[in-house]
Amino acid sequence: AEVMGLYLRKVLSGLKVSFEQIRTVRSRGLRASFELPSKNDRDRVLEACFGENLILLPIGECSIGFYPPLDVRADAIGRAAAQLEVALQAVYEAES
């Protein structure tokens with residue numbers, strides 16, 4: 001779980017580089033979250049994730065949380081990251 005938690009943080013940090021709207025990435029073990037600029041942004045990204053068959057959790061005012069099972073594999077984290085990236089592109093590239 002510790003190794004996969006580090007991998008999850010690395011993947012989310014990589015998305016932060018690609019999407020300036022991701023403000024902070026936080027993690028502790030396999031629990032991870034990232035913050036977006038507003039509640040509206042968070043809700044739009046969550047809706048787009050749902051459209052990609054990815055269910056993430058709203059956290060606090062404007063964050064999104066990952067809570068994968070303890071036995072999650074790297075390929076599942078990678079697949080979730082790819083789905084999240086598609087959702088982020090759908091929300092933020094539509095604004096451009």
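This is a predicted model: local features need pLDDT of at least 70, side-chain atom pairs count only at pLDDT 80 or more; totals for chains, interfaces and linings use all residues.
Local features require pLDDT of at least 70 and side-chain atom pairs count only at pLDDT 80 or more, whereas totals for chains, interfaces and linings use all residues. Residues are numbered from 1 along each chain as its sequence is written, and side-chain values use heavy atoms, with hydrogens and water left out.

Side chains of opposite charge can pair when their charged atoms come close. A search of the whole structure finds five salt bridges, the term denoting a side-chain nitrogen of Lys or Arg within 4 Å of a carboxyl oxygen of Asp or Glu. One of the pairs is Arg26 with Glu35, whose closest N and O atoms are 3.4 Å apart. Arg26 is partly exposed at 42% relative accessibility, while Glu35 is buried, with a relative accessible area of 18%.

Arg73 and Asp75 form another salt bridge, with 2.9 Å between the closest N and O atoms. Here Arg73 counts as exposed, at 56% relative accessibility, and Asp75 as partly exposed, at 39%.

Elsewhere, salt bridges that share partners join Lys39, Arg42 and Asp43 into one network. Helices here are DSSP runs of H or I with at least four residues, numbered from the N terminus. Lys39 is partly exposed at 41% relative accessibility, and Asp43 is likewise partly exposed, at 30%.

Arg42 is also found in helix H2, but this residue is buried, with a relative accessible area of 6%. What does Arg42 touch, not counting residues up to four places away in sequence? With contact taken as heavy atoms within 4.5 Å, the list consists of Leu36, Pro58, Ile59, Gly60, Glu61, Cys62, Ser63 and Ile64. At Gly60, the backbone oxygen lies 2.7 Å from a polar atom of the Arg42 side chain.

Terms used. Buried means under 20% relative accessible area, exposed over 50%, partly exposed in between (1.4 Å probe, protein chains only). Helices (H or I, at least four residues) and strands (E, at least two) are DSSP runs, numbered from the N terminus. A polar contact is a pair of N or O atoms within 3.5 Å; within protein, one must be able to donate a hydrogen and the other to accept it, and residues adjacent in sequence count only if both atoms are side-chain atoms.
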